[in-house]
Amino acid sequence: LGDGTNTNSNTPVAVSLPAGRTATALELGSLHSCAILDDASTYCWGANNYGKLGDGTTTSSNTPVAVGLPAGRTATALALGLEHSCAILDDGSAMCWGKNYNGQLGDGTTFDSRTPVAVSLPVGRTATALALGGDHSCAILDDGSIMCWGYNWIGQLGYGTNFDSWTPVAVNLPAGRTATALALGFEHSCAILDDGSIMCWGYNLYGRLGDGTNTNSNIPVAVSLPAGRTATALALGG
């Protein structure tokens, strides 16, 4: 909760932001929280196993600590997963920190990182949106394509295999289609496309891909929206 205590609260308590600072964006992970402040700095608090607070330590903190972004760089968007965190920076690059066992930091390794490392986006491409699942990560790029990286045991990276990838791989969207919004669940992923349709991929137990089956898919499948209806916003649960 970031209030300087470890006491649960059933009423709102104030996060101990640095004096004079306010928050402009907020994201929550499983046991950690992060915010972008009005000076474009990024702060995180909570559990810090694997270094997911990004302050160079693995020491948990019940007050916000500054994320070690590169000098001169600021964050424009945040996303938090189970044990890792990512941000889009003001130059359109993406950086991640924390657990990397399945390559979910996207830097080409499986080494955990206590400070942000650069995601290996294709040369010349920048990120415009970012979402994190349990142990996988995805971004919409400036050309409307989607790339994902990390854990892929059930096809949640959407590139046609069930092999993990330590660097971003292109999601197999239909020819000519681009993505306008993105959301990740624990082991599945979904996007709104430029025609207002929704496609999902990954784990489909309980029908969470919305295609009328319980069959897992390692490529995007169309969600069965009501006839004539399109989607304007998207959210995923566990």
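The legends below describe close-up views of a predicted model.

View 1. Cys34 has a relative accessible area of 0% and is buried. Cys44 is also buried, at 0% relative accessibility.

**View 2. The disulfide of Cys138 and Cys148.** A disulfide is formed by Cys138 and Cys148, with 2.0 Å between their sulfur atoms. The link of Cys138 and Cys148 is right-handed and has 105° about the S-S bond. Cys138 is in strand β10 (residues 136-141) and Cys148 is in strand β11 (residues 146-150), so the pair ties together parts 10 residues apart in sequence. With a relative accessible area of 0%, Cys138 is buried. Cys148 is buried as well, with a relative accessible area of 0%.

**View 3. The disulfide of Cys190 and Cys200.** Cys190 is joined to Cys200 by a disulfide, S to S 2.0 Å. The torsion about the S-S bond of Cys190 and Cys200 is about 110°, and the disulfide is therefore right-handed. Strand β14 (residues 188-193) holds Cys190 and strand β15 (residues 198-202) holds Cys200; the pair links distant parts of the chain, 10 residues apart. Both Cys190 and Cys200 are buried.

**View 4. The disulfide pattern of the chain.** When bonded cysteines are counted along the chain, the pattern is 1-2, 3-4, 5-6, 7-8.

**View 5. The salt bridge of Arg21 and Asp38.** Side chains of opposite charge can pair when their charged atoms come close. Arg21 and Asp38 form a salt bridge in which the closest N and O atoms are 2.8 Å apart. Arg21 is partly exposed, its relative accessible area being 31%. Asp38 is partly exposed too, at 38% relative accessibility.

**View 6. The salt bridge of Arg73 and Asp90.** In this view the side chains of Arg73 and Asp90 meet in a salt bridge of 2.9 Å, N to O. Arg73 sits in the loop between β4 (61-66) and β5 (75-80), and Asp90 in the loop between β6 (84-89) and β7 (94-98); the pair links distant parts of the chain, 17 residues apart. The relative accessible area of Arg73 is 32%, and this residue is partly exposed. Asp90 has 40% relative accessibility and counts as partly exposed.

View 7. The side chains of Arg177 and Asp194 meet in a salt bridge, with 2.8 Å from N to O. Arg177 is in the loop between β12 (165-170) and β13 (179-184) and Asp194 is in the loop between β14 and β15, so this pair ties together parts 17 residues apart in sequence. Arg177 is partly exposed, with a relative accessible area of 31%. Asp194 counts as partly exposed at 37% relative accessibility.

**View 8. The surroundings of Pro122.** Pro122 is placed in the loop between β8 (113-118) and β9 (127-132). At 30% relative accessibility, Pro122 is partly exposed. Apart from its neighbours within four places in sequence, Pro122 is in contact with Leu141 and Met147. Val67 and Pro122 are 55 residues apart in sequence, and their C-alpha atoms are 25 Å apart in space.

How values were computed: Residues are numbered from 1 along each chain as its sequence is written. This is a predicted model: local features need pLDDT of at least 70, side-chain atom pairs count only at pLDDT 80 or more; totals for chains, interfaces and linings use all residues. Side-chain values use heavy atoms; hydrogens and water are left out. Buried means under 20% relative accessible area, exposed over 50%, partly exposed in between (1.4 Å probe, protein chains only). A disulfide is a pair of cysteine sulfur atoms within 2.5 Å. Helices (H or I, at least four residues) and strands (E, at least two) are DSSP runs, numbered from the N terminus. A salt bridge is a side-chain nitrogen of Lys or Arg within 4 Å of a carboxyl oxygen of Asp or Glu. Contact means heavy atoms within 4.5 Å.
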